[in-house]
Amino acid sequence: MIRIHTTGLVVAALLAASPLLAEAPQVNLQIKTRAFEPAQVHVPAGIKIRLVIHNADSAPAEFESYDLSREVVVPGGGDSVVYIGPLDAGSYKFFNDFYPASTGTVIAAPASTLSPPHD
Amino acid sequence: MLATALIVFREILEAALVISIVAAATRGVAGRARLLVAGVSAGIAGAVLVALFAGEIASLASGSGQALFNAAVLSAAVLLIGWHVLWMSQHGREMVQALNVVGSAVRDGSKPPSALAAVVAIAVLREGSEIVLFVYGLAAGGTNAAALIGGGLLGLIGGGIVGWALYFGLLRIPPSRMFSATNWILLLVAAGMAAQAGQFLVQADWLPALGNQIWNTSRVIADRSALGHLLHALVGYQARPSGIQVLLFVATLAVIGGASWRLQRSAGTRRAPAPPVSAA
């Protein structure tokens with residue numbers, strides 16, 4: 001089923017300039033012994049996020065998400081950055097394309113309902 | 001081993017589709033085999049280099065290096081395809097005449113630019129570098145060599161078969177329509193690449209998304225389905241495209257397609273008498 005979103009091209013184009021100027025908050029994700037840590041990444045909905053993925057393994061990984069339309073190689077021992085959002089509240093699956101058994105979820109929730117970070 | 005084969009197959013497939021389209025689009029051109037071999041070889045060499053320097057590339061532009069690299073390489077491919085399509089719009093008729101004479105090749109002086117060799121190189125470089133990184137990761141992770149080589153070969157053969165199938169399918173197009181057909185396909189491929197380049201720039205926060213998800217066709221053709229992968233490889237299909245992807249796809253079609261149409265029209269009016277429409 002085709003769903004046309006209310007945010008049309010024109011409206012989006014007008015709004016697009018402002019978020020580009022704002023500094024996006026950073027969220028960290030790690031790949032360790034082929035697993036994502038944390039496997040559930042909590043982010044605020046409605047704002048752009050700078051997601052920093054660190055690969056603690058020596059094997060290269062590829063962070064990929066159909067739900068988020070993102071893919072990026074994360075070299076062994078290296079970092080890669082992807083900007084995501086602004087997201088609607090909900091969950092978005094991602095996986096390691098080089099090791100598809102390793103998966104995780106980005107959970108976007110309105111900022112007020114987010115539990116404080118625990119790391 | 002099957003998991004390895006599947007991942008290698010998917011990457012090979014994307015490159016194989018581009019190679020077979022280019023092979024069809026340069027049918028009858030003198031030195032076509034050399035052009036394709038040069039493109040593939042340069043692509044493999046580039047893939048190894050890109051894989052070797054993956055760490056350095058990733059760390060460029062404060063962590064967005066991968067995305068920017070992909071966007072740059074895809075944009076280059078779009079320009080090269082555009083160049084070829086426009087060249088063909090002017091010289092297509094001579095090419096068709098040459099094709100009609102069995103076994104004849106297009107003479108020097110009316111050879112299409114070797115831009116398409118570079119397009120092949122770029123496709124092989126992009127997909128190849130992922131294969132190198134993936135296989136390296138498996139080897140480093142202790143996967144045994146037999147499973148690795150077996151899976152890799154299986155994926156390579158599978159991707160090759162699909163590429164050949166597309167090529168032979170394209171060959172069934174009658175010579176008089178061959179180049180206009182491959183021009184259309186190349187135009188769609190370029191539009192898809194432009195859309196993907198745009199998405200990488202959004203990922204790096206260099207371009208606004210203009211709406212994260214303009215529509216959602218994942219229930220019709222899922223990204224992870226076989227058809228979804230095939231369409232992604234050919235025309236940059238995504239079930240949930242962003243606004244900038246849709247915009248760049250349409251803009252590329254309009255700019256290259258429009259320029260090609262104008263060139264064809266002026267090439268047509270220079271000649272008299274005007275050829276019948278059916279032969280175009």
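The paragraphs below go through the elements of this predicted model, from chain A to a helix in chain B. Local features are given where pLDDT is at least 70, side-chain atom pairs count only at pLDDT 80 or more, and totals for chains, interfaces and linings use all residues. Residues are numbered from 1 along each chain as its sequence is written, while chains are lettered from A and ligands numbered from 1 in the order in which they are written.

Chain A contains one helix and nine strands. Here helices (H or I, at least four residues) and strands (E, at least two) are DSSP runs, numbered from the N terminus. Read from the N terminus, the order of elements in chain A is α-β-β-β-β-β-β-β-β-β. Of the 119 residues in chain A, 35% are buried. A residue is called buried if 20 or more other C-beta atoms lie within 10 Å of its own, exposed if 12 or fewer, and partly exposed in between, with C-beta atoms placed from the backbone. Among contacts in chain A with a separation of 6 or more, 59% are between residues 24 or more positions apart; a contact means that the C-beta atoms of two residues, placed from the backbone, lie within 7 Å.

Strand β4 of chain A covers residues 49–55. In a regular strand the side chains alternate between the two faces of the sheet. In β4(A), A:I49, A:L51, A:I53 and A:N55 point to one face and are buried.

Which strands pair with β4(A)? Two strands pair if DSSP finds at least two bridges between them. Strand β1 (residues 26–32) of chain A runs parallel to β4(A), and six bridges join them. Strand β7 (residues 79–84) of chain A pairs with β4(A) in the antiparallel sense, also over six bridges.

A:E62 stands opposite A:V73 in β6(A).

In chain B, helix α1 (residues 2–25) has 24 residues. Because 21 of these 24 residues are buried, α1(B) is largely enclosed by the rest of the structure.

Methods. The expected span of a helix is 1.5 Å times one less than its number of residues.
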